[in-house]
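Dear colleague,

Please find below the structure that I am handing over to you. My findings follow it, and I would be grateful if you read them with the structure open.

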Amino acid sequence: MEAYKQEFIEFMVQSDVLKFGDFTLKSGRRSPFFMNAGAYVTGEQLSRLGKYYAQAIHANFGDDFDVVFGPAYKGIPLAVVTAIAYHELYGKEVRYCSDRKEAKDHGADKGQLLGADLHDGDRVVIVEDVTTSGKSIDETYPKLKAAADVQVVGLMVSLNRMEVGRGGKVTAQQEIQERYGFPVASIVTMAEVVDALYDHKVEGRVVIDDGLKAAIDEYYEKYGVKE
């Protein structure tokens with residue numbers, strides 16, 4: 001596993017973003033783990049987060065893009081910190097853009113988008129925290145294409161939960177790829193998280209012990225993609 005992935009996994013735990021226990025998700029599923037990217041709140045955390053996104057985009061999609069786009073609301077700070085990190089790590093100037101939940105009808109920056117303007121031919125990388133159903137992309141993609149004739153280079157999320165999507169056969173990430181034709185990647189997958197944290201100590205405690213590992217395995221028996 002690449003060093004930045006191992007670091008990111010431990011960073012999620014240390015930041016209290018990735019939690020283990022018994023959680024009821026928005027989908028109604030009961031899950032032994034939960035991720036909340038809204039828990040990244042300090043300058044140091046956000047700086048590191050942007051660098052992990054930048055490294056993952058660089059590794060998966062390369063550097064041939066112009067705009068980082070973050071769907072509102074959680075995607076807005078993700079786009080900002082990723083654009084900053086790309087400049088710092090790779091010396092590449094990329095623009096940031098986001099959408100609004102409601103279009104603005106007054107002032108100089110009217111419209112559906114905030115941040116940089118989009119132009120025909122722009123190559124865009126979308127950043128999100130986690131994709132469970134693909135609903136946000138269904139809302140975001142038409143806005144992007146309505147603004148300009150852009151090319152989506154790919155979608156980067158922080159964690160691939162590796163669960164079946166709405167169709168019940170493949171993951172939500174695979175459903176998005178099939179529906180829109182652009183690649184979807186993650187900084188880490190849940191399988192990588194389990195490999196990294198099982199019987200491994202972070203800040204002096206074992207994060208995933210035998211009992212939790214069994215609960216995670218049971219969860220994926222029920223909601224994981226069947227081969």
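Is Asp199 buried or exposed? The model is a predicted one, and in it Asp199 is exposed, with a relative accessible area of 62%. The residue belongs to the loop between α6 (190-197) and β9 (201-202). Its backbone deserves attention as well: Asp199 has a positive phi of about 60°, although it is not a glycine.

Asp16 is found in the loop between α1 (3-14) and β1 (18-24). With a relative accessible area of 45%, Asp16 is partly exposed.

I turn next to helix α3 and its surroundings. The helix covers residues 75-90, which makes 16 residues. From its first C-alpha to its last it reaches 21 Å, close to the 22 Å expected at 1.5 Å a residue. Several residues of α3 are buried, including Leu78, Val81, Thr82, Ala85 and Tyr86. An α-helix has 3.6 residues a turn, so residues three or four places apart point the same way.

In the loop between β3 (67-70) and α3 lies Tyr73, and the peptide bond that joins Ala72 to Tyr73 is cis, with omega near 0°. Just after α3 comes Gly91, which takes a positive phi of about 65°.

The aromatic rings form another topic. The model contains 14 aromatic pairs. One of them joins Tyr141 and Phe182; the pair is tilted, with 6.0 Å centre to centre and 35° between the planes. These two residues come from distant parts of the chain, 41 residues apart: Tyr141 is in helix α4 (residues 135-147), whereas Phe182 is in the loop between α5 (172-180) and β8 (184-189). Phe182 is counted as buried because its relative accessible area is 4%, and the cut-off for buried is under 20%. Elsewhere, ring pairs link Phe8, Phe11, Tyr40 and Tyr52 into a cluster.

Which rings have a lysine over them? The charged end of Lys92 sits over the ring of Phe65, 5.7 Å from its centre. Lys213 lies over the face of Tyr198, and here the distance to the ring centre is 5.6 Å.

With kind regards

Definitions and conventions: Residues are numbered from 1 along each chain as its sequence is written. This is a predicted model: local features need pLDDT of at least 70, side-chain atom pairs count only at pLDDT 80 or more; totals for chains, interfaces and linings use all residues. Side-chain values use heavy atoms; hydrogens and water are left out. Helices (H or I, at least four residues) and strands (E, at least two) are DSSP runs, numbered from the N terminus. The expected span of a helix is 1.5 Å times one less than its number of residues. Buried means under 20% relative accessible area, exposed over 50%, partly exposed in between (1.4 Å probe, protein chains only). Rings of Phe, Tyr and Trp (its six-membered ring) pair if their centres lie within 6.5 Å; planes under 30 degrees apart count as stacked, over 60 as edge-to-face and the rest as tilted. A charge sits over a ring if NZ of Lys or CZ of Arg is within 6 Å of the ring centre and within 35 degrees of the ring normal.
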